[in-house]
Amino acid sequence: MKAAIIGYGKMGREIERILAERGHETALIIDTDNAAELDAAHLAGIDVAIEFTTPQTAYDNIRTCLEAGTAVVSGTTGWTERLPELEELCRRRDGAMFYASNYCLGVNLLFRLNRELAAMIERLGAAYDVRIEEIHHTQKKDAPSGTAITLAEGVIGNLSAKKSWVNHAPGIECAAHRIDSPADAAPDQLVIGSLREGSVPGTHTVAYESEDDLLELRHTIKNRRTLALGAVVAAEFLCGRKGVYGMEDLMK
Ligand SMILES: NC(=O)c1ccc[n+]([C@@H]2O[C@H](COP(=O)([O-])OP(=O)(O)OC[C@H]3O[C@@H](n4cnc5c(N)ncnc54)[C@H](O)[C@@H]3O)[C@@H](O)[C@H]2O)c1
(Lines give C-alpha, C1' and ligand atoms only; values in the text may rest on other atoms or scores of the structure.)
Protein backbone atom coordinates (compact mmCIF):
# COMPACT_ATOMS: atom_id res chain seq x y z
CA MET A 1 0.00 0.00 0.00
CA LYS A 2 1.31 3.44 -0.95
CA ALA A 3 0.13 5.88 1.72
CA ALA A 4 0.05 9.63 2.33
CA ILE A 5 0.08 11.01 5.87
CA ILE A 6 -1.75 14.31 6.30
CA GLY A 7 -0.84 15.82 9.68
CA TYR A 8 2.60 14.88 10.98
CA GLY A 9 1.88 15.32 14.69
CA LYS A 10 1.55 12.75 17.48
CA MET A 11 -0.76 10.49 15.47
CA GLY A 12 0.90 11.06 12.08
CA ARG A 13 4.31 10.00 13.47
CA GLU A 14 2.89 6.89 15.12
CA ILE A 15 1.05 6.01 11.89
CA GLU A 16 4.29 6.35 9.91
CA ARG A 17 5.96 3.80 12.25
CA ILE A 18 3.09 1.32 11.91
CA LEU A 19 2.89 1.70 8.12
CA ALA A 20 6.60 0.77 7.95
CA GLU A 21 6.17 -2.18 10.35
CA ARG A 22 3.35 -3.57 8.21
CA GLY A 23 5.34 -3.25 4.98
CA HIS A 24 3.62 -0.18 3.53
CA GLU A 25 5.26 2.80 1.85
CA THR A 26 4.75 6.36 3.11
CA ALA A 27 5.11 8.25 -0.16
CA LEU A 28 3.89 11.69 0.95
CA ILE A 29 3.82 13.54 4.28
CA ILE A 30 1.85 16.79 4.54
CA ASP A 31 1.98 19.19 7.48
CA THR A 32 1.53 22.96 7.85
CA ASP A 33 4.88 23.83 6.24
CA ASN A 34 3.96 22.09 2.95
CA ALA A 35 0.13 22.15 3.19
CA ALA A 36 -0.07 23.71 -0.31
CA GLU A 37 1.31 20.43 -1.72
CA LEU A 38 -1.92 18.63 -0.85
CA ASP A 39 -3.27 18.52 -4.41
CA ALA A 40 -4.16 16.05 -7.17
CA ALA A 41 -0.63 16.12 -8.60
CA HIS A 42 1.02 15.11 -5.32
CA LEU A 43 -1.73 12.56 -4.53
CA ALA A 44 -1.32 10.81 -7.91
CA GLY A 45 -0.40 7.15 -7.32
CA ILE A 46 -1.32 7.23 -3.62
CA ASP A 47 -3.60 4.33 -2.61
CA VAL A 48 -4.87 5.94 0.59
CA ALA A 49 -4.34 9.15 2.57
CA ILE A 50 -4.50 9.06 6.39
CA GLU A 51 -5.62 12.38 7.87
CA PHE A 52 -5.10 13.40 11.54
CA THR A 53 -4.86 17.21 11.72
CA THR A 54 -7.06 19.81 13.42
CA PRO A 55 -10.82 20.60 13.62
CA GLN A 56 -10.14 23.67 11.42
CA THR A 57 -8.36 21.81 8.60
CA ALA A 58 -9.85 18.30 8.40
CA TYR A 59 -12.82 19.17 6.18
CA ASP A 60 -10.73 20.83 3.43
CA ASN A 61 -8.07 18.11 3.56
CA ILE A 62 -10.59 15.29 3.15
CA ARG A 63 -12.41 17.21 0.42
CA THR A 64 -9.18 17.68 -1.51
CA CYS A 65 -8.48 13.93 -1.33
CA LEU A 66 -11.99 13.02 -2.50
CA GLU A 67 -11.85 15.53 -5.36
CA ALA A 68 -8.49 14.06 -6.40
CA GLY A 69 -10.03 10.55 -6.36
CA THR A 70 -7.83 9.39 -3.45
CA ALA A 71 -9.26 7.14 -0.75
CA VAL A 72 -9.06 8.82 2.65
CA VAL A 73 -9.08 7.67 6.26
CA SER A 74 -9.62 10.38 8.88
CA GLY A 75 -9.72 10.45 12.66
CA THR A 76 -9.61 14.19 13.31
CA THR A 77 -12.24 15.15 15.89
CA GLY A 78 -14.14 18.36 16.69
CA TRP A 79 -15.55 19.14 13.20
CA THR A 80 -17.96 16.29 12.41
CA GLU A 81 -21.11 18.39 12.04
CA ARG A 82 -19.81 18.72 8.43
CA LEU A 83 -19.07 15.00 7.98
CA PRO A 84 -22.40 14.28 6.17
CA GLU A 85 -21.43 16.79 3.42
CA LEU A 86 -18.25 14.83 2.72
CA GLU A 87 -20.02 11.48 2.87
CA GLU A 88 -22.41 12.82 0.22
CA LEU A 89 -19.50 14.09 -1.91
CA CYS A 90 -17.78 10.70 -1.57
CA ARG A 91 -20.87 8.84 -2.79
CA ARG A 92 -21.42 11.30 -5.66
CA ARG A 93 -17.83 10.91 -6.86
CA ASP A 94 -17.78 7.15 -6.32
CA GLY A 95 -14.89 7.66 -3.91
CA ALA A 96 -13.82 5.94 -0.70
CA MET A 97 -13.65 7.32 2.83
CA PHE A 98 -13.42 5.94 6.35
CA TYR A 99 -14.09 8.00 9.46
CA ALA A 100 -13.98 7.01 13.13
CA SER A 101 -13.98 9.21 16.21
CA ASN A 102 -11.84 6.50 17.84
CA TYR A 103 -9.77 3.80 16.13
CA CYS A 104 -9.16 1.71 19.26
CA LEU A 105 -10.91 -1.69 19.06
CA GLY A 106 -11.68 -1.67 22.80
CA VAL A 107 -13.42 1.69 22.53
CA ASN A 108 -15.57 0.38 19.71
CA LEU A 109 -16.54 -2.60 21.89
CA LEU A 110 -17.37 -0.03 24.59
CA PHE A 111 -19.66 1.78 22.09
CA ARG A 112 -21.65 -1.45 21.66
CA LEU A 113 -21.78 -2.22 25.40
CA ASN A 114 -22.83 1.39 26.08
CA ARG A 115 -25.81 1.17 23.69
CA GLU A 116 -26.80 -2.21 25.09
CA LEU A 117 -26.57 -1.03 28.73
CA ALA A 118 -28.68 2.08 28.00
CA ALA A 119 -31.33 -0.13 26.35
CA MET A 120 -31.31 -2.52 29.36
CA ILE A 121 -31.77 0.37 31.79
CA GLU A 122 -34.60 1.71 29.63
CA ARG A 123 -36.34 -1.69 29.65
CA LEU A 124 -35.96 -1.99 33.43
CA GLY A 125 -37.17 1.56 34.01
CA ALA A 126 -34.48 1.74 36.71
CA ALA A 127 -33.92 4.98 38.64
CA TYR A 128 -30.38 5.71 37.50
CA ASP A 129 -29.02 9.03 36.37
CA VAL A 130 -26.26 8.79 33.78
CA ARG A 131 -23.23 10.97 33.04
CA ILE A 132 -20.11 10.66 30.93
CA GLU A 133 -16.58 11.70 31.84
CA GLU A 134 -13.62 11.98 29.46
CA ILE A 135 -9.99 12.69 30.40
CA HIS A 136 -7.34 13.65 27.82
CA HIS A 137 -3.92 15.31 27.62
CA THR A 138 -3.71 19.08 27.95
CA GLN A 139 -2.90 19.64 24.25
CA LYS A 140 -6.24 18.29 23.06
CA LYS A 141 -7.96 21.12 21.17
CA ASP A 142 -11.63 20.03 21.24
CA ALA A 143 -14.02 19.26 24.11
CA PRO A 144 -15.92 17.07 24.58
CA SER A 145 -13.95 14.35 22.78
CA GLY A 146 -15.44 12.80 19.64
CA THR A 147 -15.53 9.50 21.55
CA ALA A 148 -17.57 11.06 24.36
CA ILE A 149 -20.01 12.47 21.79
CA THR A 150 -20.41 9.01 20.21
CA LEU A 151 -21.04 7.56 23.69
CA ALA A 152 -23.59 10.30 24.45
CA GLU A 153 -25.39 9.62 21.15
CA GLY A 154 -25.47 5.92 22.08
CA VAL A 155 -27.15 6.72 25.41
CA ILE A 156 -29.58 9.30 23.98
CA GLY A 157 -30.63 6.88 21.20
CA ASN A 158 -31.59 4.20 23.74
CA LEU A 159 -32.61 5.95 26.97
CA SER A 160 -35.71 8.14 26.73
CA ALA A 161 -34.83 10.11 29.91
CA LYS A 162 -31.99 11.88 28.03
CA LYS A 163 -32.78 14.06 25.04
CA SER A 164 -29.50 15.93 24.43
CA TRP A 165 -26.00 16.32 25.86
CA VAL A 166 -24.29 19.29 27.46
CA ASN A 167 -20.58 19.72 28.04
CA HIS A 168 -19.09 20.66 31.39
CA ALA A 169 -15.39 21.44 31.18
CA PRO A 170 -14.12 22.82 34.48
CA GLY A 171 -10.73 23.59 32.98
CA ILE A 172 -7.46 21.85 32.35
CA GLU A 173 -6.10 22.50 35.85
CA CYS A 174 -8.88 20.48 37.50
CA ALA A 175 -7.36 17.51 39.32
CA ALA A 176 -10.57 15.92 40.61
CA HIS A 177 -11.80 12.91 38.63
CA ARG A 178 -15.41 13.23 39.69
CA ILE A 179 -17.40 15.90 37.93
CA ASP A 180 -20.61 17.13 39.47
CA SER A 181 -23.46 18.05 37.16
CA PRO A 182 -23.47 21.77 36.42
CA ALA A 183 -26.33 23.50 38.22
CA ASP A 184 -27.85 24.66 34.92
CA ALA A 185 -28.09 21.18 33.30
CA ALA A 186 -31.72 20.13 32.78
CA PRO A 187 -32.72 16.60 33.95
CA ASP A 188 -33.07 15.45 30.34
CA GLN A 189 -29.57 16.70 29.44
CA LEU A 190 -26.75 14.17 29.60
CA VAL A 191 -23.71 15.84 31.16
CA ILE A 192 -20.33 15.14 29.54
CA GLY A 193 -17.54 16.19 31.89
CA SER A 194 -14.21 16.98 30.18
CA LEU A 195 -10.93 17.00 32.09
CA ARG A 196 -7.49 17.82 30.68
CA GLU A 197 -4.55 16.30 32.55
CA GLY A 198 -0.87 15.71 31.73
CA SER A 199 -0.32 13.33 28.81
CA VAL A 200 -3.38 11.06 29.28
CA PRO A 201 -4.09 9.47 25.82
CA GLY A 202 -7.81 9.00 26.58
CA THR A 203 -10.04 7.65 29.38
CA HIS A 204 -13.84 7.46 29.03
CA THR A 205 -16.37 6.52 31.70
CA VAL A 206 -20.14 6.12 31.40
CA ALA A 207 -21.56 6.14 34.94
CA TYR A 208 -25.08 5.19 36.04
CA GLU A 209 -25.82 6.25 39.59
CA SER A 210 -28.83 5.62 41.81
CA GLU A 211 -29.24 6.48 45.48
CA ASP A 212 -27.90 3.02 46.29
CA ASP A 213 -25.22 2.10 43.75
CA LEU A 214 -22.87 3.20 41.01
CA LEU A 215 -22.40 1.25 37.77
CA GLU A 216 -19.51 2.32 35.51
CA LEU A 217 -18.32 1.34 32.05
CA ARG A 218 -14.72 2.59 31.68
CA HIS A 219 -12.11 2.36 28.97
CA THR A 220 -8.53 3.56 29.35
CA ILE A 221 -6.16 3.85 26.41
CA LYS A 222 -2.65 2.94 27.56
CA ASN A 223 -0.82 4.37 24.53
CA ARG A 224 -1.39 5.93 21.11
CA ARG A 225 -0.20 2.85 19.27
CA THR A 226 -3.63 1.19 19.44
CA LEU A 227 -5.20 4.26 17.78
CA ALA A 228 -2.60 4.45 15.01
CA LEU A 229 -2.79 0.71 14.37
CA GLY A 230 -6.57 0.95 14.02
CA ALA A 231 -6.21 3.75 11.46
CA VAL A 232 -3.67 1.74 9.41
CA VAL A 233 -5.91 -1.37 9.51
CA ALA A 234 -8.79 0.88 8.34
CA ALA A 235 -6.57 2.10 5.46
CA GLU A 236 -5.79 -1.52 4.47
CA PHE A 237 -9.54 -2.25 4.58
CA LEU A 238 -10.37 0.81 2.44
CA CYS A 239 -7.81 0.03 -0.29
CA GLY A 240 -9.63 -1.06 -3.45
CA ARG A 241 -13.10 -0.33 -1.99
CA LYS A 242 -15.63 2.39 -2.88
CA GLY A 243 -18.05 3.92 -0.41
CA VAL A 244 -18.33 5.36 3.09
CA TYR A 245 -17.17 3.21 6.01
CA GLY A 246 -16.69 3.27 9.77
CA MET A 247 -15.54 0.99 12.54
CA GLU A 248 -18.75 -1.04 12.56
CA ASP A 249 -17.91 -2.12 8.98
CA LEU A 250 -14.35 -3.03 9.96
CA MET A 251 -15.50 -5.02 12.99
CA LYS A 252 -17.88 -7.10 10.85
N1 LIG B 1 -10.02 9.04 15.90
C2 LIG B 1 -9.05 8.68 16.75
O3 LIG B 1 -8.89 7.50 17.10
C4 LIG B 1 -8.10 9.74 17.24
C5 LIG B 1 -6.98 9.39 18.01
C6 LIG B 1 -6.08 10.39 18.40
C7 LIG B 1 -6.30 11.69 18.00
N8 LIG B 1 -7.40 12.00 17.29
C9 LIG B 1 -7.64 13.34 16.77
O10 LIG B 1 -6.75 13.53 15.66
C11 LIG B 1 -6.35 14.89 15.57
C12 LIG B 1 -4.83 14.97 15.60
O13 LIG B 1 -4.34 14.45 16.81
P14 LIG B 1 -2.78 14.53 17.19
O15 LIG B 1 -2.72 14.05 18.59
O16 LIG B 1 -1.93 13.90 16.14
O17 LIG B 1 -2.57 16.12 17.15
P18 LIG B 1 -1.21 16.93 16.92
O19 LIG B 1 -1.51 18.34 17.32
O20 LIG B 1 -0.08 16.22 17.58
O21 LIG B 1 -0.98 16.85 15.34
C22 LIG B 1 -1.74 17.54 14.38
C23 LIG B 1 -0.81 17.87 13.22
O24 LIG B 1 -1.58 18.41 12.15
C25 LIG B 1 -0.79 19.43 11.56
N26 LIG B 1 -1.62 20.32 10.73
C27 LIG B 1 -2.34 21.40 11.10
N28 LIG B 1 -2.95 21.94 10.02
C29 LIG B 1 -2.61 21.17 8.96
C30 LIG B 1 -2.93 21.20 7.58
N31 LIG B 1 -3.73 22.14 7.04
N32 LIG B 1 -2.41 20.24 6.77
C33 LIG B 1 -1.61 19.28 7.27
N34 LIG B 1 -1.26 19.20 8.58
C35 LIG B 1 -1.76 20.14 9.40
C36 LIG B 1 -0.14 20.12 12.76
O37 LIG B 1 0.98 20.91 12.37
C38 LIG B 1 0.27 18.90 13.60
O39 LIG B 1 1.55 18.41 13.23
C40 LIG B 1 -7.08 15.59 16.72
O41 LIG B 1 -8.29 16.10 16.25
C42 LIG B 1 -7.33 14.47 17.72
O43 LIG B 1 -8.44 14.73 18.57
C44 LIG B 1 -8.30 11.06 16.90
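Let me begin with the residues around the ligand, where the shell, sorted by class, consists of 7 nonpolar, 12 polar and 5 charged residues. Please keep in mind throughout that what we are looking at is a predicted model.

In total, 24 residues surround the ligand, and the closest of them are K10, M11, D31, T77 and Y103. As for the site itself, the ligand sits in the largest pocket.

Which atoms of the protein come up to the ligand's oxygen atoms? For M11 it is the backbone, with an N or O atom placed 2.9 Å from an oxygen atom of the ligand. For T77 it is the side chain, where an N or O atom is 2.7 Å from a ligand oxygen, and K140 likewise uses its side chain, with a polar atom that lies 2.9 Å from an oxygen atom of the ligand. Taken alone, the ligand would expose 860 Å², and the protein buries 83% of that area.

Now let me step back to the whole chain, which is divided into domain 1, covering 2-103 + 225-251, and domain 2, covering 105-220. The contact between them takes 9 residues from domain 1 and 14 residues from domain 2, while the C-alpha centres of the two domains lie 28 Å apart.

How does this division relate to the ligand?

Note on methods: Residues numbered from 1 in each chain as written. Predicted model: local features only at pLDDT ≥ 70, side-chain atom pairs only at ≥ 80, totals over all residues. Heavy atoms only, no water. Near = heavy atom within 4 Å. Polar contact = N/O pair within 3.5 Å; in protein donor to acceptor, adjacent residues only side chain to side chain. Areas by Shrake-Rupley, 256 points an atom, 1.4 Å probe, with all protein chains shown as cover. 1 Å grid on protein atoms, 1.4 Å probe; cavity = no way out; pocket = protein on both sides within 12 Å on 5 of 7 lines; lining within 4 Å. Sits in = over half its atoms within 2 Å of the grid points. Nonpolar A, V, L, I, M, F, W, Y, C, P; charged D, E, K, R; others polar. Domains from an automatic or database assignment. Contact = heavy atoms within 4.5 Å.
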